[in-house]
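Please open the model in your viewer and keep the selection panel at hand. The tour below moves from one selection to the next and says what is to be found at each stop.

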Amino acid sequence: MAEHEHDHDHDDHEHGADEHGDHEHGDEHGADEHGAAEQEAAFEREARRMVALARIRQYGDAVLRMKAREVEEVDDDVRRLAERMTALMHEAQGVGLAATQVGVLQRVFVFVDEGEDRVLVNPVITKRSKDIELDDEGCLSLREVLVPVERSVEVTIEGLDENGRPVALELGLPSSRIVQHELDHLDGVLILDRTDEESRRAAFGKLRPQPVLGSR
Ligand SMILES: [Zn+2]
């Protein structure tokens with residue numbers, strides 16, 4: 001649109017800017033203040049979760065299929081690894097994380113047992129109950145996938161804690177399910193390998209690359 005007078009052109013531009021400003025302002029006032037704060041907190045948690053997930057190896061990464069090695073000595077490096085993994089697990093809103101999922105092939109995993117953070121080094125399941133439970137399981141390396149997996153209801157798992165002291169934990173659900181899942185990771189086994197054919201096929205559908213949100 002060609003304007004004859006410079007002043008007119010200038011006015012038009014200013015008017016347009018004001019309109020835009022007013023509009024934005026009006027939207028802010030329209031939102032309930034309490035709801036907005038809650039929404040902001042939820043948004044921040046979700047943003048932190050996405051950042052954490054970006055630091056966790058995702059399905060398709062070859063390291064997730066590799067077998068982790070025994071830890072020879074529980075030293076400061078192992079403790080730092082466990083601390084980093086515990087923080088990442090919480091930021092990702094998970095309840096367990098294996099070292100393979102952060103690209104470290106050592107037999108270490110962290111998990112939440114009845115609200116308490118635990119570290120297990122060189123874990124071995126030494127006893128399993130005969131009872132099996134079938135329940136949906138997710139994985140921080142498989143994002144939206146949730147598939148039914150059979151697990152022993154009770155297990156005894158032995159290993160070393162973060163100070164290198166031997167521990168033997170007798171666990172029931174859900175902790176027993178979590179440690180069986182994390183121990184699988186150390187052997188390169190994923191929930192896709194433990195579920196039924198139909199669920200696996202449905203999961204592969206979700207794992208296909210998704211179009212980037214917002215792009216057209
Ligand atoms: Zn997992």
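Helices (H or I, at least four residues) and strands (E, at least two) are DSSP runs, numbered from the N terminus. This is a predicted model, in which local features need pLDDT of at least 70 and side-chain atom pairs count only at pLDDT 80 or more, while totals for chains, interfaces and linings use all residues. Residues are numbered from 1 along each chain as its sequence is written.

Begin by selecting the five strands of an open sheet, whose order is β1-β2-β3-β6-β7 with antiparallel pairing, where two strands pair if DSSP finds at least two bridges between them. At the edges stand β1 (96–98) and β7, and because each has a single partner strand, one side of each is left without a neighbour in the sheet. From one strand to the next the twist averages 40°, with axes taken as lines fitted to C-alpha atoms, for helices over the stretch in contact, and angles running from 0 to 180 degrees between N-to-C directions.

Next, select residues 116–128 and 155–160, which are β3 and β6, paired in the antiparallel sense over five bridges. Val155 is the bridge partner of Arg128, and Thr156 is that of Lys127.

Now turn to the helices. Select residues 76–91 to show α3, which lies across β1, β2 (108–113) and β3 and runs at about 45° to β2. Select residues 175–186 for α4, which lies across β1, β2, β3, β6 and β7, running at about 165° to β2.

Finally, look for the largest nonpolar core, which has 34 residues, those with the most contacts inside it being Met85, Leu97, Phe109 and Val110. Such a core is a set of buried Ala, Val, Leu, Ile, Met, Phe, Trp, Tyr and Cys residues joined through C-beta atoms within 7 Å, and a residue is buried if 20 or more other C-beta atoms lie within 10 Å of its own. The most comes from α3, which gives six residues to this core.

Which residues does Leu97 touch? Leaving aside residues up to four places away in sequence, Leu97 touches Met85, Leu88, Met89, Phe109, Val110 and Leu140, contact being defined by C-beta atoms, placed from the backbone, that lie within 7 Å.

Definitions and conventions. Contact = placed C-beta atoms within 7 Å. Buried ≥ 20, exposed ≤ 12 C-beta atoms within 10 Å, placed from the backbone.
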